[in-house]
Amino acid sequence: ERCFFLVNGSTSGVQSLVVSLAGPGVPIIVPRNSHKSMLAGLIFSGAMPCYIEPVIDPEWGVPRNITTDAAATAIATCGGARAFFVTSPTYNGFGADLPALAGLAHGAGIPFIVDQAWGPHFRFCSLLPVDAMTAGADAAVTSVHKLISGLTQSSVLMANAARINLRRLAGVVKMTQSTSPQALIYASIDAAR
């Protein structure tokens with residue numbers, strides 16, 4: 001229902017979502033391998049993370065993604081969670097079962113948010129995993145500059161109003177963006193789109 005062009009990268013989108021959804025002491029469900037923008041969002045908002053440990057790949061020793069079982073446990077044990085965040089794909093390219101995770105979050109009445117910074121191309125090829133918004137995310141952030149030719153720092157934040165206050169989100173997005181945005185970044189988002 002709403003798409004924000006971002007000139008401060010996906011970092012500002014993740015931070016905007018955390019700040020708009022949670023305040024001091026409010027629990028949110030977060031994968032342990034989230035981007036450092038999530039950590040900053042937690043600090044800015046004062047929200048309390050309920051961490052989910054991702055599966056570690058035994059051969060490579062890198063985090064894969066969170067499982068639906070781990071997500072169900074986190075939802076059941078993190079009382080009063082105001083949001084459920086997931087990073088998919090991860091920085092090592094591992095995707096989560098987004099439709100299943102969206103169903104779990106929505107079944108508990110929790111907004112489902114995806115940091116899909118490394119997946120801006122998913123929507124454009126049926127051979128790739130399903131993109132976050134098609135999978136049922138209430139909001140997603142994706143980096144236009146990573147794989148679909150936008151200038152550095154170009155990103156978009158997409159959100160639906162069913163579980164997110166879009167007016168509050170818009171206000172927080174304005175606070176996280178530069179007051180002197182580079183018009184070329186906006187134009188590169190539009191061109192990539």
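Two strands are taken to pair where DSSP finds at least two bridges between them, and by that criterion β6 and β7, which are joined by 5 bridges, form an antiparallel pair. The model described here is predicted.

**Strand β6 and its partners**

- On its other pairing, β6 is joined by 3 bridges to strand β5, which spans residues 112–115, and these two strands run parallel.
- Strand β6 is mostly covered, since 5 of its 5 residues are buried.
- In a regular strand the side chains alternate between the two faces of the sheet.
- In β6, A139, V141 and S143 point one way whereas A140 and T142 point the other way, and all of them are buried.

**Nonpolar cores**

- In soluble globular proteins, nonpolar side chains tend to be buried together.
- The largest nonpolar core in this model holds 25 residues, and the residues with the most contacts inside it are L17, I28, M38, F85, L157 and L169.
- At least two residues of this core come from each of β1 (2–6), α1 (9–21), β2 (27–31), α2 (36–45), β6 (139–143), β7 (155–159) and α6 (166–176).
- For M38, once neighbours within four places in sequence are left aside, the contacts are V14, V18, I28, V30 and F85.

**T87, at a buried position**

- T87 belongs to strand β4, which covers residues 84–87.
- Because its relative accessible area is 4%, T87 counts as buried, the cut-off for that class being under 20%.
- Apart from neighbours within four places in sequence, T87 is in contact with P31, S34, N65 and D115.

- Y91 sits in the loop between β4 and α4, the latter spanning 98–107.
- With a relative accessible area of 36%, Y91 is partly exposed, because that class lies between the buried limit of under 20% and the exposed limit of over 50%.
- Together with W118 and L147, Y91 forms a nonpolar patch on the surface, and the three residues have about 280 Å² of accessible area together.

Conventions
Residues are numbered from 1 along each chain as its sequence is written. This is a predicted model: local features need pLDDT of at least 70, side-chain atom pairs count only at pLDDT 80 or more; totals for chains, interfaces and linings use all residues. Side-chain values use heavy atoms; hydrogens and water are left out. Helices (H or I, at least four residues) and strands (E, at least two) are DSSP runs, numbered from the N terminus. Buried means under 20% relative accessible area, exposed over 50%, partly exposed in between (1.4 Å probe, protein chains only). Contact means heavy atoms within 4.5 Å. Patches are made of residues with over 30% relative accessible area and no salt bridge: like charges are joined within 9 Å, nonpolar side chains (Val, Leu, Ile, Met, Phe, Trp, Tyr) within 5 Å. Accessible areas come from the Shrake-Rupley method with a 1.4 Å probe; for residues, only the protein chains shown count as cover. A salt bridge is a side-chain nitrogen of Lys or Arg within 4 Å of a carboxyl oxygen of Asp or Glu. A nonpolar core is a set of buried Ala, Val, Leu, Ile, Met, Phe, Trp, Tyr and Cys residues joined through side-chain atoms within 4.5 Å.
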